[in-house]
Amino acid sequence: MKRTLAIISVLLLSTVGLNAGATIVGAGSQSCTAWINRKKNAVVKGAFESWVVGFISGLNVSADREIVGGGDFSAIVAWMDRRCLSVPTSQIGVVALDLAMELAANAAKR
């Protein structure tokens with residue numbers, strides 16, 4: 001239990017600065033390698049996936065139009081899996097932002 005709490009604490013308290021001047025906190029500040037390895041621990045898996053879905057949901061709420069299109073949790077996680085496998089050194093939050101931009105582009109076509 002203590003190990004699980006320590007892992008969560010690291011995920012929630014870590015921050016990494018972006019070149020654009022923005023800071024990503026929590027699970028989103030971790031690398032895609034950590035995303036890929038998340039399945040080894042149910043708590044970490046839940047924290048990472050919840051962070052990404054919350055991030056996308058937050059961007060959706062602040063957008064001018066609906067970008068999520070119904071919010072398919074499995075599709076979001078699968079997209080993150082594919083992208084992180086292809087570029088494991090990327091930051092989860094940056095990859096999630098790429099996903100949001102793709103969703104927004106698709107929404108603009110509708």
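**Overall organisation**

Of the contacts in the protein between residues at least 6 apart in sequence, 60% link residues at least 24 apart. The model is a predicted one. It holds 5 helices and 2 strands, and the order of these elements from the N terminus is α-β-β-α-α-α-α. The protein has 110 residues, of which 33% are buried.

**Helix α3 against helix α5**

- Helix α3 spans residues 42-62 and helix α5 spans residues 92-109; their axes come within 10 Å and cross at roughly 40°.
- On the α3 side, the contact is formed by Phe48, Trp51, Val52, Phe55, Ile56 and Leu59. On the α5 side, the partners are Ile92, Gly93, Ala96, Leu97, Leu99, Ala100 and Leu103.
- By class, the residues of the contact between α3 and α5 comprise 12 nonpolar and 1 polar, with no charged residue.
- An α-helix has 3.6 residues a turn, so residues three or four places apart point the same way. The α3 side of this contact includes Phe48, Val52, Phe55 and Leu59.

**Helix α3 against helix α4**

- The axes of α3 and α4 lie 10 Å apart, and the two helices pack at an angle of about 110°.
- That angle makes α3 roughly perpendicular to α4.
- Glu49, Val52, Val53 and Ile56 of α3 are in contact with Phe73, Ile76, Val77 and Met80 of α4.
- The contact of α3 with α4 consists of 7 nonpolar residues and 1 charged residue, with no polar residue.
- Val52 and Ile56 of α3 take part in the contact with α4, and Val52 and Ile56 also take part in the contact with α5.

**Helix α4 and its buried residues**

- Helix α4 covers residues 73-86, a total of 14 residues. From its first C-alpha to its last, α4 reaches 20 Å, close to the 20 Å expected at 1.5 Å a residue.
- Which residues of α4 are buried? They are Ile76, Val77, Trp79, Met80, Asp81 and Cys84.
- These buried residues of α4 pack against α2 (32-37), α3 and α5.
- Among the buried residues of α4 are Ile76, Val77 and Met80, and Ile76, Val77 and Met80 also belong to the contact with α3.

Note on methods: Residues are numbered from 1 along each chain as its sequence is written. This is a predicted model: local features need pLDDT of at least 70, side-chain atom pairs count only at pLDDT 80 or more; totals for chains, interfaces and linings use all residues. Side-chain values use heavy atoms; hydrogens and water are left out. Axes are lines fitted to C-alpha atoms, for helices over the stretch in contact, and angles run from 0 to 180 degrees between N-to-C directions. Helices (H or I, at least four residues) and strands (E, at least two) are DSSP runs, numbered from the N terminus. Contact means heavy atoms within 4.5 Å. Ala, Val, Leu, Ile, Met, Phe, Trp, Tyr, Cys and Pro count as nonpolar, Asp, Glu, Lys and Arg as charged, and the others, Gly among them, as polar. The expected span of a helix is 1.5 Å times one less than its number of residues. Buried means under 20% relative accessible area, exposed over 50%, partly exposed in between (1.4 Å probe, protein chains only). Angles under 35 degrees count as roughly parallel, over 145 as roughly antiparallel, 65 to 115 as roughly perpendicular and the rest as oblique.
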